[in-house]
Number of protein chains: 4
Amino acid sequence: MSHNTFGHLFRVTTWGESHGPALGCVIDGCPPGLPLNEADIQIWLDKRRPGQGKFVTQRREPDTVRILSGVFQDARTDGQVTTGTPISLIIDNVDQRSRDYADIASAFRPGHADWAYFAKYGVRDYRGGGRQSARETAARVAAGAVARKVLGPGVMVRGALVQIGPHGVDRTGWDWEETQRNPFWAPDPAIVPVWEQHLETIRKAGSSTGAVVEVEAIGVPAGWGAPIYGKLDAELAAALMSINATKGVEVGAGFAAAALSGEDNADEMRAGPEGPVFLSNHAGGVLGGISTGQSVIARVAFKPTSSILAPRRSINEAGEEIEIRTKGRHDPCVGIRATPVVEAMTACVLADAFLRHRGQTGGGAFAVGRTGRVQ
Amino acid sequence: MSHNTFGHLFRVTTWGESHGPALGCVIDGCPPGLPLNEADIQIWLDKRRPGQGKFVTQRREPDTVRILSGVFQDARTDGQVTTGTPISLIIDNVDQRSRDYADIASAFRPGHADWAYFAKYGVRDYRGGGRQSARETAARVAAGAVARKVLGPGVMVRGALVQIGPHGVDRTGWDWEETQRNPFWAPDPAIVPVWEQHLETIRKAGSSTGAVVEVEAIGVPAGWGAPIYGKLDAELAAALMSINATKGVEVGAGFAAAALSGEDNADEMRAGPEGPVFLSNHAGGVLGGISTGQSVIARVAFKPTSSILAPRRSINEAGEEIEIRTKGRHDPCVGIRATPVVEAMTACVLADAFLRHRGQTGGGAFAVGRTGRVQ
Amino acid sequence: MSHNTFGHLFRVTTWGESHGPALGCVIDGCPPGLPLNEADIQIWLDKRRPGQGKFVTQRREPDTVRILSGVFQDARTDGQVTTGTPISLIIDNVDQRSRDYADIASAFRPGHADWAYFAKYGVRDYRGGGRQSARETAARVAAGAVARKVLGPGVMVRGALVQIGPHGVDRTGWDWEETQRNPFWAPDPAIVPVWEQHLETIRKAGSSTGAVVEVEAIGVPAGWGAPIYGKLDAELAAALMSINATKGVEVGAGFAAAALSGEDNADEMRAGPEGPVFLSNHAGGVLGGISTGQSVIARVAFKPTSSILAPRRSINEAGEEIEIRTKGRHDPCVGIRATPVVEAMTACVLADAFLRHRGQTGGGAFAVGRTGRVQ
Amino acid sequence: MSHNTFGHLFRVTTWGESHGPALGCVIDGCPPGLPLNEADIQIWLDKRRPGQGKFVTQRREPDTVRILSGVFQDARTDGQVTTGTPISLIIDNVDQRSRDYADIASAFRPGHADWAYFAKYGVRDYRGGGRQSARETAARVAAGAVARKVLGPGVMVRGALVQIGPHGVDRTGWDWEETQRNPFWAPDPAIVPVWEQHLETIRKAGSSTGAVVEVEAIGVPAGWGAPIYGKLDAELAAALMSINATKGVEVGAGFAAAALSGEDNADEMRAGPEGPVFLSNHAGGVLGGISTGQSVIARVAFKPTSSILAPRRSINEAGEEIEIRTKGRHDPCVGIRATPVVEAMTACVLADAFLRHRGQTGGGAFAVGRTGRVQ
């Protein structure tokens with residue numbers, strides 16, 4: 001990952017500020033011949049879109065995506081397909097209210113990157129956080145939609161919110177269907193009123209709260225990932241940690257693995273038709289940086305939104321001590337709308353791993369009890 | 001990060017298997033003119049060296065490093081210095097016992113990468129885990145020693161073991177000096193007998209246990225890190241997650257941030273001589289992917305060693321179901337010797353961030369109350 | 001260089017097809033604080049713009065550039081400046097005539113990339129050559145304008161056309177001022193009528209012709225370039241060879257160096273105030289891949305335009321043998337409008353070398369007779 | 001290409017100085033399962049080895065290569081094969097005579113990179129040119145041997161010397177077999193005595209001379225190369241221009257293409273079994289940066305060796321004007337031993353292009369008259 005680009009063969013470059021005319025991305029290295037229309041991307045952007053409930057920012061952005069390059073449709077192809085050339089996507093910003101930010105033009109919000117950007121660059125577009133804004137994640141979601149096309153129907157990437165503030169879900173009642181039925185991507189309907197109550201309290205206090213998102217990729221075949229420094233989980237960690245407001249990433253058993261015994265941690269194997277059938281998944285589907293054929297599972301911790309109404313002590317560019325309250329339209333819990341972003345980053349990392357694996361080895365995996373690679 | 005190389009301007013490529021003739025690394029992009037001798041590197045390798053206590057592997061490796069290129073000494077320089085060309089480091093393997101591994105030549109240890117390597121490559125050097133072996137981390141530690149030279153005396157990177165199995169340190173008694181006085185890098189002497197007891201129990205049971213390492217970098221100036229996909233914490237997450245047996249990485253408050261309120265999480269600032277003085281450090285020294293001038297703090301979770309004597313169910317390359325017990329010489333807690341590795345990876349990521357920051361901006365940071373960059 | 005991105009710290013990603021809605025680029029890693037307006041870029045695009053004479057394509061494209069991100073202007077800055085975040089530039093396509101290309105929808109023009117794109121991707125936007133079109137070079141010129149800002153006024157990059165078809169300029173009459181006074185960037189007014197005559201003949205014959213462009217960068221300090229595989233001349237060779245229709249690149253004496261004696265080739269040095277004063281420049285300003293302080297000089301060979309009216313034998317996607325005549329609007333000599341493109345690519349490579357050199361070494365060069373680096 | 005690494009999926013990192021203990025390379029991303037022994041590499045190194053005739057340097061280096069990692073042999077594999085992990089190769093330096101270089105410890109040889117290295121780094125290993133030495137090319141040749149394994153028997157890369165000083169070969173008598181029968185890789189026996197005479201004259205004069213090498217890759221299928229900035233010919237240009245003493249690279253008709261008419265340049269096509277049969281190859285096997293299925297052909301210009309006995313004016317590090325004569329053991333024509341190096345770099349670029357193509361598209365090419373990709 002380098003500045004504003006990530007990925008190796010499936011490479012995504014994003015650009016744009018919160019209050020500039022537009023934001024977007026360029027996806028390079030996409031395989032040719034994949035059906036791709038704007039609707040295929042829009043469906044995922046709509047999930048991340050702001051203004052869809054009382055617990056997310058009230059900024060009204062349609063987040064309509066346009067494909068500017070990299071696809072082609074003619075009489076000889078059955079619908080519009082990728083051409084293998086760069087796919088440029090653009091999303092116009094339409095609901096900027098820059099006046100909201102005059103107060104912070106020269107002040108540093110505690111917990112925000114204002115100070116860090118100032119220290120590094122000496123100049124920053126302070127309107128809505130400029131490049132620091134979580135609006136940038138719309139470009140990630142758009143790229144993720146293309147990554148899903150690369151992965152094909154055999155790989156499904158899906159996320160759930162598993163904790164808001166101190167309130168975690170009860171995993172025994174996990175139901176993926178539920179994540180599509182409530183505004184929180186909660187896999188457990190029982191937690192929804194608890195979270196609503198918590199968020200209401202937070203909102204009234206002018207405060208904010210953190211969250212944890214879990215993501216699962218089903219159908220990832222064994223063999224993806226490139227040790228030692230391109231390990232699948234290392235790339236995933238970088239991709240997820242690059243999302244705004246993240247403070248931690250764990251794979252499989254994660255931090256809890258530290259307290260496990262070796263016997264409990266080692267996922268036992270029985271013989272399946274082409275490889276192991278695992279009796280548990282503490283590994284989260286990755287061993288030695290390579291996928292095992294189990295589901296790839298990760299969790300991401302999000303800190304509370306740093307733009308809050310509650311007053312905090314800070315300083316400004318002149319070096320004066322101030323007290324600051326951040327107005328404007330902000331998500332009280334940035335983790336809620338982060339679920340589609342976590343999914344998208346996971347899809348992009350997997351698409352890249354797939355192409356790199358195919359490049360080095362020809363693709364597929366070796367199966368037990370046979371000679372040679374199985375596609 | 002790409003296959004066996006990491007870093008952008010300060011780039012490290014490692015190579016070597018556990019039971020091959022040697023292992024090593026090539027460090028590219030190192031600034032010229034830095035004093036560098038083998039002793040500068042050996043001192044850090046000695047900290048990671050196996051065979052130094054009853055709770056680590058009994059393999060006897062002197063881990064003597066030789067510098068093969070990239071340095072020069074002549075009458076006109078005051079001692080040997082880096083020349084700016086690639087620094088090739090080599091460490092011979094001297095205590096291989098390959099016969100220990102005949103049993104696993106065609107079997108997959110549960111929790112180990114045996115199966116994943118087989119599925120990906122179809123062939124693997126099974127002796128001591130081959131490329132999967134934690135012996136590879138010696139090359140990281142060697143590279144980290146050079147990274148420390150790049151960072152200079154102003155930046156100090158130090159690590160501590162904060163948890164073994166279920167037993168965490170009491171942070172109120174934290175004393176960095178203590179980490180140099182016990183074989184665990186424990187910052188709290190009171191935990192040492194607890195861990196000894198736990199490890200003794202584990203060892204007798206033929207089991208293993210996990211651990212958590214914390215690392216702190218003091219003196220990192222504000223401004224390092226390159227948003228959005230080269231964020232300092234994202235690069236750190238990838239670097240740390242690439243270490244053998246890691247399952248999680250967190251920065252600052254980490255996963256605990258999810259449960260914080262916005263007011264508690266937002267580290268307040270008061271005016272210091274050139275920038276903010278922070279009243280807390282939930283951020284772990286990084287905001288928006290850029291260093292803030294506070295200490296950079298991260299924690300890494302290690303799973304239990306997967307090579308254990310206790311029998312586990314598995315399969316082999318023929319697809320037969322087997323029961324496996326791993327003999328050979330293994331650390332019962334890989335996290336113990338990981339502390340110098342975590343330090344080394346952190347130093348490498350910081351050295352790279354420093355050079356990239358200097359490349360894009362000229363270096364230094366903007367200070368409050370003044371115009372222009374302060375070196 | 002990788003797919004559609006080039007550069008390391010100063011990175012340019014381009015996208016867009018000839019007959020799509022737009023084309024553009026994303027420039028990443030640009031230093032912050034540089035004054036940058038659309039007019040600064042437009043001035044260079046206007047030099048490359050089509051429709052400006054009888055010897056270039058009649059397609060009417062205003063090539064108006066818009067900056068979508070990466071700049072900011074507020075009360076505290078003296079005009080609009082770069083912020084250090086990605087600069088997204090877009091140029092709308094306005095004069096597409098796709099119907100011109102129906103004939104080649106499934107046919108391969110000899111000498112063109114039609115066949116190669118088909119073989120690789122299986123699908124291609126055939127309208128105007130799609131991604132193969134030299135319209136892509138508008139994005140390079142836009143990026144080059146930003147690169148010039150990075151280089152600052154101390155470095156001047158300028159190009160000249162030195163050969164069209166078999167007719168080369170007389171170098172004894174070289175006058176850089178002349179390049180701005182004729183539509184060919186010819187440094188010698190005497191050649192202009194010769195070229196006009198040649199192009200008129202070519203045009204009437206429905207043929208095309210090749211050319212050679214020379215580029216010079218004045219003011220490049222000693223020390224830029226990163227051996228061994230990031231040599232300044234190697235990066236320049238890649239950048240220039242990536243321009244449409246190029247078949248050769250040479251630096252300094254180039255291919256003529258093969259026939260020189262060692263004495264003639266070795267540019268002698270006399271003592272100057274801080275380093276050598278060279279008595280000749282066969283090296284073209286680069287030795288061992290590092291700039292010497294002399295002018296960097298390169299030449300690029302362009303083949304004749306492959307889209308010609310004269311009939312040629314070919315095949316189509318069905319595998320049938322055909323005869324093909326390419327209608328549409330084409331430059332009879334693609335080398336003419338390539339001069340600004342060669343300049344732009346040279347500027348981008350130099351800007352990247354500057355930042356990388358500053359990253360690794362802190363910048364500047366060592367001077368003779370002194371200790372230490374001179375900024 | 002970046003500093004001392006080149007390639008994307010097939011990546012080569014080289015290290016080592018002329019008079020250090022050893023030199024070598026790390027090859028990363030090599031496909032697993034390829035048979036590879038030291039003898040497979042040594043055979044190519046022996047072609048490049050110094051001390052094999054009166055017209056090359058008298059330094060006696062056996063250039064014996066050892067494989068330190070990345071291969072494995074056990075009962076289950078039929079001989080030693082690559083494992084997909086980094087292949088580390090080392091070649092010891094055994095015939096250093098550092099005393100030869102005392103005279104140039106603080107002086108800059110005209111035409112050599114001494115000054116450039118000093119200006120950039122402030123310190124340099126002056127013994128034998130240190131990192132600038134053409135000894136580094138041994139590592140390239142070793143890597144090229146592995147690249148040939150990746151390409152397999154279907155692709156043959158072979159080179160010939162086509163010019164020494166002003167004397168070019170007569171192409172009408174071209175015979176590839178001849179290149180193995182004379183010490184110059186000359187494809188025309190008639191030129192051999194002419195070159196011998198020329199070199200004898202040069203040697204007696206204490207001078208040196210330049211050369212041109214041509215390389216051809218037969219059997220490259222259509223579809224390799226990744227436009228726009230990863231074009232096959234752009235990558236080839238960078239790789240070849242990075243070889244010591246190169247001043248120019250051209251593909252196909254090269255600089256001569258500038259004087260061609262469009263009709264002559266456009267290689268006509270007739271229908272073959274799966275794609276075009278070309279009636280000429282002015283393109284040199286590459287169109288739009290993608291291979292066409294024809295032979296890939298390039299030429300590289302080498303300047304005369306800059307280390308010559310004939311006295312030249314120069315300066316030293318103190319800024320004093322001096323006259324310099326370079327003693328030591330040098331090739332009077334560096335181009336002669338460059339032929340295997342040009343071959344090796346071409347093989348590496350092609351291997352990388354093959355893997356990247358397979359990564360993005362799955363491999364193979366579309367054939368005319370059919371639907372879908374042909375492996």
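This is a predicted model: local features need pLDDT of at least 70, side-chain atom pairs count only at pLDDT 80 or more; totals for chains, interfaces and linings use all residues.
How many salt bridges does the rule find across the interface of chain C and chain A? The rule finds zero.

**Stop 1: chains C and A**

Select chain C and chain A together. The contact draws 45 residues from chain C and 45 residues from chain A. About 3400 Å² is buried between these two chains, with 61% of that area on carbon and sulfur atoms. Although salt bridges number zero here, polar contact is present: six residue pairs are found across the interface of chain C and chain A, both residues being at pLDDT 80 or more.

**Stop 2: chains A and B**

The buried area between chain A and chain B is about 9200 Å², and carbon and sulfur atoms give 60% of it. To see where chain A contributes, select Lys120(A), Tyr229(A) and Lys247(A): within chain A these residues lose the most area to chain B, together 11% of what that side buries.

Which contacts cross between these two chains? The rule finds six salt bridges across the interface of chain A and chain B. For one salt bridge to display, select Glu321(A) and Arg270(B), whose side chains meet at 3.2 Å, N to O. Polar contact between chain A and chain B amounts to 61 residue pairs, again with both residues at pLDDT 80 or more.

**Stop 3: the axis relating A and B**

Keep both chains in view. Chain A is laid on chain B by a turn of 180° and a shift of 0.0 Å along the axis, with an RMSD of 0.0 Å. This is therefore the relation of a two-fold axis. The same surface serves both copies, as 100% of the contact residues of chain A recur in chain B. To locate the axis, centre the view on Ala238(A): of the residues of chain A, its C-alpha comes closest to the rotation axis, at 2.5 Å.

**Stop 4: aromatic residues**

A search of the whole structure finds 42 aromatic pairs over all chains. One of these pairs is Trp174(D) with Trp176(D), an edge-to-face arrangement at 5.2 Å centre to centre with 65° between the planes. Are these two residues buried or partly exposed? Trp174(D) counts as partly exposed because its relative accessibility is 21%, whereas Trp176(D), at 17%, counts as buried. The cut-off between the two classes is 20% relative accessible area.

Return to chains A and B and select Phe108(A), Trp115(A), Phe118(A) and Phe366(B), which form one aromatic cluster.

**Stop 5: charges over rings**

In chain C, the charged end of Arg148(C) sits over the ring of Trp44(C), 3.5 Å from its centre. In chain D, the charged end of Arg148(D) sits over the ring of Trp44(D), 3.6 Å from its centre.

Note on methods:
Residues are numbered from 1 along each chain as its sequence is written. Chains are lettered from A and ligands numbered from 1 in the order in which they are written. Side-chain values use heavy atoms; hydrogens and water are left out. Copies are superposed by least squares on the C-alpha atoms of residues with pLDDT of at least 70 in both. Contact means heavy atoms within 4.5 Å. Rings of Phe, Tyr and Trp (its six-membered ring) pair if their centres lie within 6.5 Å; planes under 30 degrees apart count as stacked, over 60 as edge-to-face and the rest as tilted. Buried means under 20% relative accessible area, exposed over 50%, partly exposed in between (1.4 Å probe, protein chains only). A charge sits over a ring if NZ of Lys or CZ of Arg is within 6 Å of the ring centre and within 35 degrees of the ring normal. Buried area is the accessible area (1.4 Å probe) that two parts lose on being put together, summed over both. A salt bridge is a side-chain nitrogen of Lys or Arg within 4 Å of a carboxyl oxygen of Asp or Glu. A polar contact is a pair of N or O atoms within 3.5 Å; within protein, one must be able to donate a hydrogen and the other to accept it, and residues adjacent in sequence count only if both atoms are side-chain atoms.
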